[in-house]
Number of protein chains: 2
Amino acid sequence: MASREQAKDQRRKAIVAAAMRLMHNRGDSGFSMRALAEAAGVSIATPYNLFGSKQAIMLAVLDTGMALYEERLEQLDADPLEIFFEAVTLATELYAEAPKFHQAVLFSAYGDGGRDYRAVFGDPRFVFWRTLVERAREAGELDAGIDASALALALGQQFFICILEWAYGQIDLSELECRVHYGFALLLKGAATASAADRLAGKIPELQAHLTAMWAAEPTAVVASRVQSR
Amino acid sequence: MASREQAKDQRRKAIVAAAMRLMHNRGDSGFSMRALAEAAGVSIATPYNLFGSKQAIMLAVLDTGMALYEERLEQLDADPLEIFFEAVTLATELYAEAPKFHQAVLFSAYGDGGRDYRAVFGDPRFVFWRTLVERAREAGELDAGIDASALALALGQQFFICILEWAYGQIDLSELECRVHYGFALLLKGAATASAADRLAGKIPELQAHLTAMWAAEPTAVVASRVQSR
DNA sequence: GGTTGGATTATAACGCGTTTTACTTTTCGT
DNA sequence: ACGAAAAGTAAAACGCGTTATAATCCAACC
């Protein structure tokens with residue numbers, strides 16, 4: 001029997017579930033490995049046996065969310081270029097549904113001193129963007145000579161860092177969405193075929209105007225210095 | 001008299017100097033607030049009185065380095081478009097001169113749980129990129145309608161996250177340089193006037209080839225998954 | 001069914017960043 | 001020159017992630 005492994009998996013699931021429950025209820029503050037162990041009904045040593053670190057647990061939580069996200073994105077059935085922007089918007093919508101939860105997960109997954117195996121930009125997320133790039137390239141929206149991995153990396157990073165800023169409480173979700181859209185428009189335009197480049201160019205002025213309006217209206221920490229030193 | 005403030009500043013400088021000395025000698029490991037206090041000849045409470053947090057000290061170290069960096073960049077006297085790429089190359093050269101030191105500073109400045117006032121992308125660095133963008137725009141290399149702040153933010157973030165990956169030990173300096181150049185080429189091309197866009201487009205294939213060759217040859221942690229899942 | 005061995009447990013400990021407390025030193029207005 | 005206020009000091013403590021140490025449990029083999 002694999003009842004040994006079975007029991008392990010069961011405990012693993014219980015721990016991830018308890019982590020999600022705790023995050024939902026209390027957000028980042030109040031979430032600690034000791035609180036998690038208590039909520040999951042296990043000793044504090046067990047999560048370390050089964051996952052290795054707090055960061056690994058957070059990444060497990062993140063990955064389960066990623067599956068749901070990709071599923072909902074497929075249902076949108078957007079065209080190969082628009083889907084980049086839809087993907088960002090969908091993410092902000094999901095974040096808006098449970099902001100404290102997502103902030104806590106992201107903060108714990110990346111904000112801690114986890115210099116371990118998979119730090120800044122993990123595999124599931126990278127593969128996701130590369131798939132989108134490959135589709136767009138095959139659809140003739142992107143230059144055929146573009147390397148999918150290289151572009152996907154640049155796109156994913158642009159997304160990722162804005163997400164981090166949101167998790168750190170420096171920007172809100174609408175600025176997150178707008179900034180990533182802006183970065184995506186520029187990056188994709190740089191890699192696009194002529195017709196697609198035209199469409200992308202059309203997006204830029206509006207996004208830019210939206211951003212500057214935001215910065216003028218609502219000066220948060222980072223934004224304030226940006227506006228004042230204009 | 002301001003002899004009170006004077007003494008404060010003196011102590012502040014002593015602490016920053018001791019921090020730099022410690023980082024140079026022992027890198028990140030072995031550097032702690034207790035070790036710093038001892039090396040600076042002050043109590044552990046003093047750095048907190050004068051700076052508030054470890055992160056603030058690291059940002060002070062970072063900012064003094066930034067002044068040197070900008071100075072050396074001005075001396076290069078590159079043209080308004082090339083200077084973006086020179087800036088990246090210069091940074092990698094400076095990092096290469098004392099890699100352990102810079103890794104330690106960056107890691108401590110951003111890797112810790114410093115959710116404080118100025119987290120991901122601080123003011124001196126943002127202003128630097130915006131100035132470069134403004135110059136390039138005035139030189140007619142970038143579209144006149146481009147907002148300097150918005151583009152500077154996108155550029156700086158692309159740079160910043162690659163630096164972080166290097167500080168985390170996930171990529172080496174040559175990959176850092178190449179990836180940022182690639183991201184910059186795409187972003188700038190998306191914002192460039194026609195003639196500048198052509199010049200930028202010429203850079204992209206070479207950078208891309210360089211990147212893919214790197215990934216094929218030297219599969220580090222992140223890279224490995226990238227290559228294998230090709 | 002008893003024995004064995006790997007997993008889980010409780011518990012203590014470590015080093016970290018940070019805060020608090022209580023004591024001492026230094027500066028400045030009168 | 002003296003007393004009040006401000007600031008620096010040592011030392012202990014807090015909660016954190018993580019690790020080490022034994023004791024204990026429980027599925028798996030003879």
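This is a predicted model: local features need pLDDT of at least 70, side-chain atom pairs count only at pLDDT 80 or more; totals for chains, interfaces and linings use all residues.

Trainee: Why does a value of 47% make B:Glu74 partly exposed?

Mentor: A residue is called buried under 20% relative accessible area and exposed over 50%, with partly exposed in between. B:Glu74, at 47%, therefore counts as partly exposed.

Trainee: With which side chain does B:Glu74 meet in a salt bridge?

Mentor: A salt bridge requires a side-chain nitrogen of Lys or Arg within 4 Å of a carboxyl oxygen of Asp or Glu. Here the partner is B:Arg135, with 3.1 Å from N to O. B:Arg135 lies in helix 7 (residues 123-138) of chain B and B:Glu74 in helix 4 (residues 54-76) of chain B, so the pair ties together parts that are 61 residues apart in sequence. B:Arg135 is also partly exposed, with a relative accessible area of 37%.

Trainee: How many salt bridges does a search of the whole structure find over all chains?

Mentor: The search finds 17. In chain A, the side chains of A:Arg135 and A:Glu74 form one of them, at 3.2 Å from N to O. A:Arg135 belongs to helix 7 (residues 123-138) of chain A and A:Glu74 to helix 4 of chain A, so this pair ties together parts 61 residues apart in sequence. Another salt bridge joins A:Glu134 and A:Arg130, at 3.9 Å. Both of these residues lie in helix 7 of chain A, four residues apart, about one turn of the helix. A:Arg130 is buried at 7%, whereas A:Glu134 is partly exposed at 27%. Salt bridges can also form a network, as A:Glu165, A:Glu175 and A:Arg179 do.

Trainee: What caps the N-terminal end of helix 8 of chain A, and what follows the helix?

Mentor: A:Asp147 is the cap: a side-chain oxygen lies 3.2 Å from the backbone nitrogen of A:Ser149. The helix is followed by A:Gly169, whose phi is positive, near 80°. Since 20 of the 20 residues of helix 8 of chain A are buried, this helix is largely enclosed by the rest of the structure.

Trainee: Where in chain A is A:Phe31 found, and which residues does it touch?

Mentor: A:Phe31 is in the loop between helix 1 (3-26) and helix 2 (33-40) of chain A. At 6% relative accessibility, A:Phe31 counts as buried. Leaving aside residues up to four places away in sequence, A:Phe31 touches A:Ala19, A:Leu22, A:Met23, A:Leu36, A:Lys54 and A:Met58.

Trainee: How is the contact between two domains described?

Mentor: The size of an interface is often given as the accessible area lost when the parts come together. Chain A is assigned domain 1 (1-52) and domain 2 (59-228). The contact takes eight residues from domain 1 of chain A and 10 residues from domain 2 of chain A. The buried area between them is about 750 Å², of which carbon and sulfur atoms give 77%. Between these two domains of chain A, the count of salt bridges is zero.

Definitions and conventions:
Residues are numbered from 1 along each chain as its sequence is written. Chains are lettered from A and ligands numbered from 1 in the order in which they are written. Side-chain values use heavy atoms; hydrogens and water are left out. Buried means under 20% relative accessible area, exposed over 50%, partly exposed in between (1.4 Å probe, protein chains only). Helices (H or I, at least four residues) and strands (E, at least two) are DSSP runs, numbered from the N terminus. A polar contact is a pair of N or O atoms within 3.5 Å; within protein, one must be able to donate a hydrogen and the other to accept it, and residues adjacent in sequence count only if both atoms are side-chain atoms. Contact means heavy atoms within 4.5 Å. Domain bounds come from an automatic or database domain assignment. Buried area is the accessible area (1.4 Å probe) that two parts lose on being put together, summed over both.
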